[in-house]
Amino acid sequence: MSASTEFDFRIARNDFGEVLQSLLTKNVLSQCIPHVQSYHGNDSEKKLALDQALRDIVRIVITEEMGCSVYREVITTAIEAANQDVCSASTPFVLLSDVFDMITLEQCEDIFNLVEEKVSTWKSDTFYDAGKNYLLRMCNDLLRRLSKSQNTVFCGRIQLFLSRLFPLSEKSALNLMSQFNLDNITVYNTNPEESRLKNEVNEDRMEFDAEMEENNSNVPIDFNLYRKFWALQDFFRKPLLCYEKVAWLTFTSNANEVLTAFSSYKLDDMKSPRKKLNRSYLKETQTYFAKYLTSEKLLDLQLSDSNFRRYVLVQFLILVQYLNAPVKFKNANCALSEEQNVWIKTTEDWVYQLLKETPPDGEAFAKSIQHILRREENWNAWKNEGCPLFERHGGAGDIRSKNKIKRKSVGSDLIASGGKLIKMGSPELTRLWNLCPDNTEACKSEKRVFLPTLEDFFADAIEQSDPEAMVEDEYKLVKDQVFQWKALRLLARRSPHFFTHAPQPAVELPVYLESMVTRLAKEMPPPHEEMKTEIGEEEDIKAPSPDEGEEIKNDGTDIPSSTWKFNNDFLQGGSTDDLPINKHQIHEVAEGLGHDWKKLAVELNFSDDVIAQFDSESHDDTQKALKMLTLWFENEAEHATPGCLRTALNEIGLLEVADQVFPDIEASN
């Protein structure tokens, strides 16, 4: 920076400061904005000069202790100047930080009213990005200065303000990793030699005799109960200890003894007029405890205090909920046994019963705690899912218009499959609904017998095991994990060799299946005999034609054996619309689709996830289309007809592909 620029900046800063001081005495501080706008110089230099002049005014106001009303006026002026682009957007937040750092907590509470009132201003486009970190740092600094027991309401106001300022999707304040505050250590006496409770009468407890006489405590207060009571705090701050066997035994022993002490001494808030007075006093003053006092001489009084008892019982419920909750970041070994689950359930019911018996309004308090813990389960589930956004993208009108574009009439669906197909909203529901129009007949159908025969299932594996097939080991079906799993299940149901006692040690699964395939091949008839019989039965079938029948020439390579029956029905007068599609036609459609295969996949009711999977498996559009059509053919069974596919191609504007592959079929729509 040159000397002249630095000099101009200082002159402008001093000039702005003098104007601000003169206007401050008249309570018209905002009138400085026109003066700054008319000042010579570029905008960035004037902004820097006004920013520094405002900070100088804040220092003067704080030094002279002019009061909260003046602080408010300075900050409000800075907000207005930032809106008019006269000072930086971060200047109001810098001034707030300076003010809160230099004034008392009582004044902070007063000035914080302005911060709460301006929450809509802070969330505007002008200030949010520039000031969110300043506000967060300022609030955290305030929380560190405040006492959780004496300034509880103010702490709550700060937390509510932050929740209003930041969106629900803001993850900076979330404990995503489910970590615990292990620094929150409760210090208590663990040495029995130094215990104040080792003697029945102690001089330090004489001042409490009158109070204890009135309480008439039935709980024997000794060092053993004192130690076990405060030892529970270690488990409350670190619940993972409960998954260790030794620590679990310690926890259950301590918990049972403490809860037994609570059960043996029932509280009654109407026991004496003095307690009535104390209760009304507590309602007016709203006393809170931030940290427990662990003095031994106070334990009997603490056990007689209803608020203290509630704190401990609620801690039990929080711990129990965590032990049973499915937390994403728990280790695999953090699991409870059946015996531990039974103890937790029993203890939870016991704690709720003690809460209901604890005055005042025990029933209502227990229901409130139960409701709060149930809502906590929703937050836990949200965190386990990775904290997805709550905001919806796009208005309701956009959703309706989008659905309106995709919606089709039922008539077009019926026409697409020759009057059978009805779309139910998802591919799987559509497939199940259209399997058969009559549910009773569908239940009686022989097709419900899904278990294949050994001959059909192992036919390909037997063919691959023949040395003449020259199939390499790595490409054999017995190496496929899916085939292995299905083969073992089928052998267990159908083969008498599966449960044969074998003295030799276990072998690898592919080796075992290879031996089973060899054994099955010896028991089965040669495959060429069956094929000869089937071909012989079909040799005389001829297609009806005007020329008195021209022999059908088909070697069976294009049409699977499962479709021969349908071909015979067609030759006897059936419709080509009802014929299943052969492999040759599927290849032709796949080659004709090109990059439009996704449109056809959507039309055939494939989900976005399945389409994405096809897209990731190959770089060739033809291969993607081929996999998609093959899967559609397998899922739809008899509904995978040329008429249905032709209509789908027509829907996406590829009628020329349909005419090329299915020239003899007229468009259904």
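The legends below describe close-up views of a predicted model.

**Figure 1**
Helix α5 covers residues 91-102, a run of 12 residues. At 1.5 Å a residue it should span 16 Å, and its end C-alpha atoms are 17 Å apart, which agrees with that expectation. The helix is mostly covered, since 10 of its 12 residues are buried. The buried residues are T91, P92, F93, V94, L95, L96, S97, D98, V99 and F100. They pack against five helices: α3 (43-63), α4 (68-83), α6 (105-117), α7 (119-122) and α8 (128-145).

**Figure 1. An aromatic pair between helices α5 and α7.**
By the rule applied here, the model has 26 aromatic pairs. In one of these pairs, the ring centres of F93 and W122 lie 5.0 Å apart and the ring planes meet at 55 degrees, so the pair is classed as tilted. F93 belongs to helix α5 and W122 to helix α7, and the pair links distant parts of the chain, 29 residues apart. F93 is buried, with a relative accessible area of 1%. W122 also counts as buried, at 1% relative accessibility.

**Figure 2. An aromatic pair within helix α17.**
Here the rings of W379 and W382 have centres 5.3 Å apart and planes at 80 degrees; because planes over 60 degrees apart count as edge-to-face, the pair is edge-to-face. Both residues lie in helix α17 (residues 362-384), where being three residues apart separates them by about one helical turn. W379 is partly exposed, with a relative accessible area of 38%, whereas W382 counts as buried at 8% relative accessibility.

**Figure 3. A cluster of aromatic rings.**
Six residues are shown in this view: F235, F236, W248, F251, F316 and W343. Ring pairs link them into a cluster.

In the one shown here, R72 pairs with D110, and the closest N and O atoms are 3.8 Å apart. R72 lies in helix α4 and D110 in helix α6, so that distant parts of the chain, 38 residues apart, are linked. R72 is partly exposed, with a relative accessible area of 23%. D110 is likewise partly exposed, with a value of 30%.

The side chains of R157 and E116 meet in a salt bridge, at 2.8 Å from N to O. R157 is in helix α9 (residues 152-165) and E116 is in helix α6, so the pair ties together parts that are 41 residues apart in sequence. Why do R157 and E116 count as buried? Buried means under 20% relative accessible area; R157 has 17% and therefore falls in this class, and E116, at 19%, does so as well.

D349 forms a salt bridge with K345, with the closest N and O atoms 3.8 Å apart. Both residues lie in helix α16 (residues 338-357), four residues apart, which is about one turn of the helix. Each is partly exposed: D349 has a relative accessible area of 41%, and K345 has one of 49%.

**Figure 4. A salt-bridge network around K624.**
Salt bridges that share partners join K598, D615, D621 and K624 into one network. K624 is found in helix α31 (residues 621-636). K624 is buried, with a relative accessible area of 7%. Leaving aside residues up to four places away in sequence, K624 touches W597, F614, D615, S618 and H619.

**Figure 5. Arginines over aromatic rings.**
Which residue lies over the face of F365? R310 does, at 4.2 Å from the ring centre. In a second example, R137 lies over the face of Y134, at 5.8 Å from the ring centre.

A disulfide is a covalent bond between the sulfur atoms of two cysteines. By the rule applied here, the model has zero disulfides. C155 is buried, with a relative accessible area of 12%. C242 is also buried, with a relative accessible area of 0%.

Technical notes
Residues are numbered from 1 along each chain as its sequence is written. This is a predicted model: local features need pLDDT of at least 70, side-chain atom pairs count only at pLDDT 80 or more; totals for chains, interfaces and linings use all residues. Side-chain values use heavy atoms; hydrogens and water are left out. Helices (H or I, at least four residues) and strands (E, at least two) are DSSP runs, numbered from the N terminus. The expected span of a helix is 1.5 Å times one less than its number of residues. Buried means under 20% relative accessible area, exposed over 50%, partly exposed in between (1.4 Å probe, protein chains only). Contact means heavy atoms within 4.5 Å. A disulfide is a pair of cysteine sulfur atoms within 2.5 Å. A salt bridge is a side-chain nitrogen of Lys or Arg within 4 Å of a carboxyl oxygen of Asp or Glu. Rings of Phe, Tyr and Trp (its six-membered ring) pair if their centres lie within 6.5 Å; planes under 30 degrees apart count as stacked, over 60 as edge-to-face and the rest as tilted. A charge sits over a ring if NZ of Lys or CZ of Arg is within 6 Å of the ring centre and within 35 degrees of the ring normal.
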